[in-house]
Amino acid sequence: MNLQDISSKIKKYALEIGFNDCGFAKVEELTFNKQKLYFSINNGYTAKLSFLSRNVDKRANPAILFKNAKTVIIVLASYFPQKIQNEKKYKISIYSYSNNYHNIIKNNLNKLFFKLKEVFPDVIGRVFCDSSPIFEKEWAKRAGLGWLGKNNLLINKKFGSFVFIGGILIDKELYYDNAFEKTCGNCNLCIESCPTKALSPYLLDVNKCISYITIENKNNKIPESFKEKIKNEIYGCDICQNVCPHNKKLNAGAYHFFKPNEYVNWNEENWENLNEEKFKSVFKDTAIVRIGLKQLKRNIEFVKKH
Ligand code: B12
């Protein structure tokens, strides 16, 4: 089998496992992204996400993270569900409708890695999804899977931006895809729709992002300056995705790995009456558990008050 055939076979495996798309990029240093990350850090746009300031060299070069890395395999998993919450007083971001995506994606990437051994018996690799210092969106773009939108997210032509990104660094060369070259053109809907004005083209001021404020901003009160701006978002936010024209005609049937949990249909009372015991039992396998009941209640109180 030549490299092109091997590469097609790996893509086929990825789709069979249930990923929606898969592509390959050659490992190299991402100097532009590194500069941009420093720009964000130096201007305070990364807020208190201190992990972004650690390992900058590693983040910019997978060969420092994983010595033998030659190829970045990237997969996408659509998480756009059949039904989204719309009239709810309390909204949670769509990515948290089902169980923790990190585990689900990593388990499926491990399956893909196992299949890789059929074509490369001695392959060495490292699976990642979200938590490794890797510029995942940039690699997805380089692997031909989409472009970086003004909403600061990877947009796939078929599956929009409601896709998770995961991948495997491997010590083998593959037949590489061409980087996806497209831009959002004159469209600024996401920038205009963000209630806290967190976005400017290709730059997110994390301090103002509702996702950061409700999830990552721990122990702190939500600043009163966000009064009337955060309307009903109690965990994360999807406004910059909901307005994107590329997310308007998505195929909910593409949703393979994720099953929305019951709490998606909860009413105000359900959320307001949560106690520790119930919180732990309902959210134990989800991303929401990470913020704890106290912070969730803080978010609910803020939305209720304003
Ligand atoms: C930290 C983080 C966050 C933080 C901070 C976001 C941020 N901007 O850094 C917070 C908590 C706010 C967050 C929120 C969300 N996140 Co997040 N997050 C990450 C994480 C862990 C790192 C991102 C990162 O590298 N930040 C560093 C900053 C400097 O990079 P950046 O903002 O992306 O900026 C780059 C571009 O702007 C580019 N650039 C700069 N100038 C220019 C100019 C042009 C023309 C171009 C093209 C590019 C460009 O260079 C920069 C450096 O690479 C990634 C996973 C990963 N390891 O990559 C997930 C990730 C980006 N998040 C994800 C998701 C789903 C979300 C949310 C939608 C969740 C939600 N609903 O609440 C929101 C969306 C907010 C938004 N609009 O960006 C997904 C995105 C999938 C996709 N389709 O793109 C990822 C990839 C996780 C995953 N594995 O699926 N996130």
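Predicted model: local features only at pLDDT ≥ 70, side-chain atom pairs only at ≥ 80, totals over all residues.
- Domain 1 contributes 26 residues to the contact, while domain 2 contributes 30 residues.
- On the side of domain 1 that touches domain 2, the residues comprise 14 nonpolar, 11 polar and 1 charged.

**Shell around the ligand**
- The ligand is surrounded by 37 residues, of which Asn33, Ser93, Glu136, Ser211 and Gly236 are the closest.
- Sorted by class, the shell around the ligand consists of 22 nonpolar, 8 polar and 7 charged residues.
- At least two residues of the shell come from each of helix 2 (31-42), helix 6 (136-142), strand 7 (163-170), strand 9 (203-204) and helix 8 (210-216).

**Packing of helix 1 and helix 5**
- Two packed helices are described by the angle between their axes and by the distance between those axes.
- Helix 1 (residues 3-17) packs with helix 5 (residues 101-119) at an angle of about 150°, and the axes of the two helices are 10 Å apart.
- Because angles over 145 degrees count as roughly antiparallel, helix 1 and helix 5 are roughly antiparallel to each other, and their crossing is right-handed.
- From helix 1, the residues Ile6, Lys9, Ile10, Tyr13, Ala14 and Ile17 meet Asn108, Lys111, Leu112, Lys115, Leu116 and Val119 of helix 5.
- The contact of helix 1 with helix 5 has, by class, 8 nonpolar, 1 polar and 3 charged residues.

Notes: Residues numbered from 1 in each chain as written. Contact = placed C-beta atoms within 7 Å. Nonpolar A, V, L, I, M, F, W, Y, C, P; charged D, E, K, R; others polar. Near = placed C-beta within 6 Å. Helix = DSSP H or I, 4+ residues; strand = E, 2+ residues; numbered from the N terminus. Axes fitted to C-alpha atoms, helices over the stretch in contact; angles between N-to-C directions. Parallel < 35°, antiparallel > 145°, perpendicular 65-115°, else oblique. Left-handed = near helix turned anticlockwise from the far one by under 90°.
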